[in-house]
Amino acid sequence: ETAVLANKFRGCMLGSLLGDCLGSPFEAESGPVAKTILQKYFDKMEDPTFKSPVKRYTDDTAMTKSVAASLAQHGAFNEKDMAKRFATEYFQEPRRGYGEAVTRVFRKWRESKMEDVWKPAREQFDGQGSAGNGSGMRIAPVGLFCYRDTDLLVETAAKVGKLTHTHRLGYHGGILQALAVQLCVVQDSKAVVDTKRFCDDLIEKMSKLEPKDEDELNSFEQEPKSYQIQLKLMQKLLQKKDVDNDEVVEVLGNNVLSIYSIPTAIYCYLRAQQPIEFIKTDNIFRRVIQYAISLGGDTDTIASMAGALAGAHLGADSINANILKHCEGVDMAVSLADELLDAVNSPPA
Ligand code: R7I
Ligand code: MG
Ligand code: MG
Ligand code: MG
């Protein structure tokens, strides 16, 4: 039991890391990535004799690390501690590719000496709050830490998100990704995923959070206006045969906004449970990440979120050891996974 969970926790943290490291060289706000180049890229990584400079992780992992370490060390969400870790990490290594707007929150925290940790995020984008996918890219540890308690998971993911992302579509995206991680943790690693049920479950949980009122839904200029809408579109795509990358990008998106990337990452995980014509591998974990990168756009983040799901489902055992050797931060990800599991197993008195 504990060994199964440890494998899943490590798989999730490693999946999140690998998606980021392997996806980041392809990050660009443009169309799909050449499929043959990607096939060779992954084949080489799996070759034990292949040598190349280690692939560095980006802001996605830097922030995930802070979320995991803060939860593990406090045994609960602590806003000041987490904010402090985000800021410290950023000022130590500012060149990890952070979103343009979020760094203003870090600077305001520093200037105000954390007087009100929630305030700078509310001031982003003229008071609208950020709707970027920074809320989802770092949330996997919350899905792990709270996997036994959905109410706590939703509440914690909302708070972790709102430290920087107060736009409804911003922090709700983080909640959605955390809920998906939870589903993957509780899923039998050997069982075939029921993709329809997976989506239905998420739609049901998001319906309890998202506004029902048309006026409220329309108060944002963003299209689409809810995760439930995107999850339903995803279900339709999953039922169709041979959906090409352009259609996926057209329907679900691949950019830095939460609404255009978090459902996409979940789709990648679900779609890649089955063989994909242009991806030659039997390893489902690899297929998920390779497929996510093939969509182009915000590749580090989409692959990282999809990888977190694949890893939480399949476990660290499913990851090719040669691929791990090419990524920075592997030992760190494993330690954080173990610390998180310890914290889950020994709740504070
Ligand atoms: O969300 P965030 O942390 O950025 C994460 C992304 C990932 O792809 C990382 O890999 C890294 O590359 O950045 O940082 P934010 O700066 O809050 O949001 C990211 C971007 O989303 C912003 O710089 C804006 O371009 C866009 N954005 C918005 N645009 C219009 N209106 C976020 N919110 C809004 C908005 O409300
Ligand atoms: Mg990044
Ligand atoms: Mg970027
Ligand atoms: Mg990114």
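**Metal site and salt bridges**

A: The magnesium ion (ligand 4) lies 3.7 Å from the magnesium ion (ligand 2), and Asp 300 coordinates both. This is a predicted model, in which local features need pLDDT of at least 70 and side-chain atom pairs count only at pLDDT 80 or more, while totals for chains, interfaces and linings use all residues. Residues are numbered from 1 along each chain as its sequence is written, chains are lettered from A and ligands numbered from 1 in the order in which they are written, and side-chain values use heavy atoms, with hydrogens and water left out.

Q: Are Asp 298 and Thr 301 buried or exposed?

A: Asp 298 is buried, at 1% relative accessible area, and Thr 301 is buried at 2%. The cut-offs are under 20% for buried and over 50% for exposed, with partly exposed in between (1.4 Å probe, protein chains only).

Q: Changing topic, how many salt bridges are there?

A: The count is 15, taking a salt bridge as a side-chain nitrogen of Lys or Arg within 4 Å of a carboxyl oxygen of Asp or Glu.

Q: Which residue does Lys 159 pair with?

A: Lys 159 forms a salt bridge with Glu 155, with 3.2 Å between the closest N and O atoms. Both residues sit in helix H9 (residues 150-162), four residues apart, about one turn of the helix. Helices (H or I, at least four residues) and strands (E, at least two) are DSSP runs, numbered from the N terminus.

Q: And how exposed are those two?

A: Lys 159 is partly exposed at 32% relative accessibility, and Glu 155 is partly exposed at 43%.

Q: What about Lys 208?

A: Lys 208 forms a salt bridge with Glu 204, the closest N and O atoms being 3.4 Å apart. Lys 208 is exposed at 61%, whereas Glu 204 is partly exposed at 44%.

Q: Which residues are linked in a network?

A: Asp 43, Glu 46 and Arg 286 are linked by salt bridges in a network.

Notes
Donors are N, O and S atoms within 2.8 Å of the metal (3.2 Å for Na, K and Ca); water is not among the atoms, so sites may look incomplete.
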